[in-house]
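Hello,

Here is the structure I promised to pass on. Have a look at it first, and then read on for what turned up.

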Amino acid sequence: MMETFTEISPQQAWELLQTEENAVLVDIRDNIRFTYSHPQGAFHLTNQSYGQFLDEVNYEDPIIVSCYHGNSSRNTAQFLVEQGFEQVYSLAGGFDGWMRAELPIETAYP
């Protein structure tokens, strides 16, 4: 079991999401930015949605935390490790890095 999270690149995160059936990408950015655009299939993790997250995700599922630039995701990733999640990752570069890597996004404004 991990004592801490692991930082991974956007490409590694995308590969993990493709190969691990239960892998979850969570986006912790604010509502306006998440609604505008987010990584494809991301779960919007907020204080309000944390209960729903606990209902939907198992403690052994790989969880990748994404923020703006890869800074605040580290705190959330460490928090999830402390809650008992076993495989937690922080997305290096955050959503900014995801966009630069040209990985799939969903957007409200085509």
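From the N terminus on, the elements run β-α-β-α-β-β-α-β-α-β-α-β, which gives five helices and seven strands in the protein. Helices (H or I, at least four residues) and strands (E, at least two) are DSSP runs, numbered from the N terminus.

A word on the ground rules. This is a predicted model, in which local features need pLDDT of at least 70 and side-chain atom pairs count only at pLDDT 80 or more, while totals for chains, interfaces and linings use all residues. Residues are numbered from 1 along each chain as its sequence is written, and side-chain values use heavy atoms, with hydrogens and water left out.

On the overall form: for 110 residues, a compact globule would have a radius of gyration near 13 Å, and the protein agrees with that at 13 Å. That radius is taken over C-alpha atoms, and the globule rule is 2.2 Å times the number of residues to the power 0.38. Along the principal axes, the C-alpha atoms fill a box of roughly 40 × 30 × 25 Å. The accessible surface is about 6,200 Å², with 46% of it belonging to carbon and sulfur atoms; these areas come from the Shrake-Rupley method with a 1.4 Å probe, and for residues only the protein chains shown count as cover. Buried residues make up 42% of the 110, where buried means under 20% relative accessible area, exposed over 50%, and partly exposed in between (1.4 Å probe, protein chains only). Among contacts (heavy atoms within 4.5 Å) between residues at least 6 apart in sequence, 70% join residues at least 24 apart.

Now the sheet. Five strands form an open sheet in the order E1-E6-E5-E2-E4, with parallel pairing. Two strands count as paired if DSSP finds at least two bridges between them. Going across the sheet, E1 and strand E6 (residues 87-91) pair over three bridges, and Thr6 stands opposite Tyr89 in E6. Helix H4 packs on this sheet, touching E1, E5 and E6, and its direction makes about 175 degrees with that of E6. For that angle, axes are lines fitted to C-alpha atoms, for helices over the stretch in contact, and angles run from 0 to 180 degrees between N-to-C directions.

Next along, E5 and E6 are joined by four bridges, with Pro62 opposite Gln87 in E6. Four bridges also join E2 to E5; here Leu25 has Ile64 in E5 as its bridge partner, and Asp27 stands opposite Ser66 in E5. Asp27 also stands opposite His44 in E4, where two bridges join E2 to E4.

Which residues of E5 are buried on each face? Pro62, Ile64 and Ser66 are buried on one side, and Ile63 and Val65 on the other.

A nonpolar core here is a set of buried Ala, Val, Leu, Ile, Met, Phe, Trp, Tyr and Cys residues joined through side-chain atoms within 4.5 Å. The largest one has 16 residues, of which Val26, Phe53, Ile63, Val65, Leu80 and Val88 touch the most other members. Strand E2 (24-27), strand E5 (62-66) and helix H4 (72-82) each give it two or more residues, and H4 supplies the largest share, three residues. Leu80 touches Leu45, Tyr50, Phe53, Ile63, Val65, Phe85 and Val88, not counting residues up to four places away in sequence. Apart from this core lies another, of 13 residues, including Ala23, Phe34, Ala42 and Leu91.

Two single residues may also interest you. Ser37, in strand E3 (residues 37-39), counts as buried at 7% relative accessibility. Leaving aside neighbours within four places in sequence, Ser37 is in contact with Arg29, Phe95, Ile105, Glu106 and Thr107. Glu102 sits in the loop between helix H5 (94-100) and strand E7 (105-107) and is exposed, with a relative accessible area of 72%. The C-alpha atoms of Glu102 and Pro10 are separated by 9.3 Å, although the two residues are 92 apart along the chain.

Best wishes
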